[in-house]
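Here's a quick briefing to read alongside the model. Have the viewer open and click through the residues as they come up.

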Amino acid sequence: MEATWQQVDKFLEGLLAPDEPVFAAALAAAEQAGIPNIQVSAMQGQLLHILARAIGAQRILEVGTLAGYSGIWLARALPAGGRLVTLEAEPKHAEVAQANFAAAGVADRVELRLGAALDSLPALLPDYAASFDLCFLDADKANLPAYFEWAHKLTRKGGLIISDNVIRGGEVVDGQDANSTGARQLLQALGTNGNSTAIQTVGNKGYDGFALTIVA
Ligand code: SAH
Ligand code: MG
């Protein structure tokens, strides 16, 4: 099945991905720097971009920058004057991401904050309480429930919180590692109030999925 998922993703990318060199360039720079190939797929990046545009997002928060690939998709959805704040703990990742943002022509819209997200998130509260339109949670999954709580405080009513990689090849159901446990605890905390869903995905990044929450 994996081979089919990859083949179909390639087919979809050929039909639907913008024919623009910035994305391939960002991936190539990441690979050259030895950064792990764990960013969103092109179609997933495009989903983030479309969701941001659909809700008219002007302020976006990302937790887990890596090399800036998903950040470029998100930043390109912003109108003039819009802002992406993205949090990253690893200095090497931040450095490559910063260069990728500049090369993609979005550096003026992106504010990268270096440090552990659990330190950076509280520091955002004075300036950004209830003010992000969209949050993309994509750092370590062990702390995902805590990231979600902060994101909830930082997102406006009607805004979206997207929590990535919560299916983990099915490990979310009973896996005992820290990431599976974090993803499971997040899903357990989201509750049955009708504001959250979770979607399983397959593709060139294997079998995973994301949770989507509207802030009520
Ligand atoms: N959003 C990126 C992928 C992020 S990968 C994309 O799709 O393009 C996860 C990133 O989270 C890695 O760069 C890792 O260094 C970072 N990270 C891990 N733990 C973190 C923490 N506690 N605080 C901030 N960033 C963290
Ligand atoms: Mg991810």
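At 0% relative accessibility, T86 counts as buried (buried means under 20% relative accessible area, exposed over 50%, partly exposed in between, with a 1.4 Å probe and protein chains only). You'll find T86 in strand 2, residues 83-88; helices (H or I, at least four residues) and strands (E, at least two) are DSSP runs, numbered from the N terminus.

Some ground rules: this is a predicted model, where local features need pLDDT of at least 70 and side-chain atom pairs count only at pLDDT 80 or more, while totals for chains, interfaces and linings use all residues. Residues are numbered from 1 along each chain as its sequence is written, chains are lettered from A and ligands numbered from 1 in the order in which they are written, and side-chain values use heavy atoms, with hydrogens and water left out.

**Around T86**

- The side chain of T86 has a polar contact of 2.7 Å with the side chain of E62; a polar contact is a pair of N or O atoms within 3.5 Å, and within protein one must be able to donate a hydrogen and the other to accept it, with residues adjacent in sequence counting only if both atoms are side-chain atoms.
- T86 also makes a side-chain polar contact with the side chain of T65, at 2.7 Å.

**Ligand 1**

- Which residues come closest to ligand 1? They are G64, E88, H93, A117 and D138, out of 21 residues that surround ligand 1 (a residue is near a molecule if one of its heavy atoms lies within 4 Å of it).
- That shell divides into ten nonpolar, six polar and five charged residues; Ala, Val, Leu, Ile, Met, Phe, Trp, Tyr, Cys and Pro count as nonpolar, Asp, Glu, Lys and Arg as charged, and the others, Gly among them, as polar.
- On the oxygen side, an oxygen atom of ligand 1 sits 2.6 Å from a side-chain N or O atom of E88, and an oxygen atom of ligand 1 is 2.8 Å from a side-chain N or O atom of H93.
- A nitrogen atom of ligand 1 lies 2.8 Å from a polar side-chain atom of D138.
- The protein covers 86% of the 590 Å² of accessible area that ligand 1 has on its own (Shrake-Rupley method, 1.4 Å probe).
- A117 belongs to helix 6 and is buried, with a relative accessible area of 9%.

- D138 lies in the loop between strand 4 (132-137) and helix 7 (144-154), and N165 in the loop between strand 5 (155-164) and helix 8 (178-190), so the pair ties together parts that are 27 residues apart in sequence.
- D138 and N165 are both buried.

**Aromatic pairs**

- Four aromatic pairs turn up in a search of the whole structure; rings of Phe, Tyr and Trp (its six-membered ring) pair if their centres lie within 6.5 Å, and planes under 30 degrees apart count as stacked, over 60 as edge-to-face and the rest as tilted.
- One of them is F23 with Y69, edge-to-face at 6.1 Å centre to centre and 80° between the planes.
- F23 is in helix 2 (residues 21-32) and Y69 in helix 4, so this pair ties together parts that are 46 residues apart in sequence.
- Both F23 and Y69 are buried, and ring pairs link F23, Y69 and W73 into a cluster.
- Y128 and F132 are stacked, at 4.7 Å centre to centre and 15° between the planes.
- Y128 is buried at 9% relative accessible area, and F132 is buried at 0%.

**Positive phi values**

- L66, a residue other than glycine, has a positive phi near 55°; L66 lies in the loop between strand 1 (59-63) and helix 4 (69-75) and is buried at 12%.
- A130, also not a glycine, has a positive phi near 50°; A130 lies in the loop between helix 6 (117-128) and strand 4 and is partly exposed at 44%.
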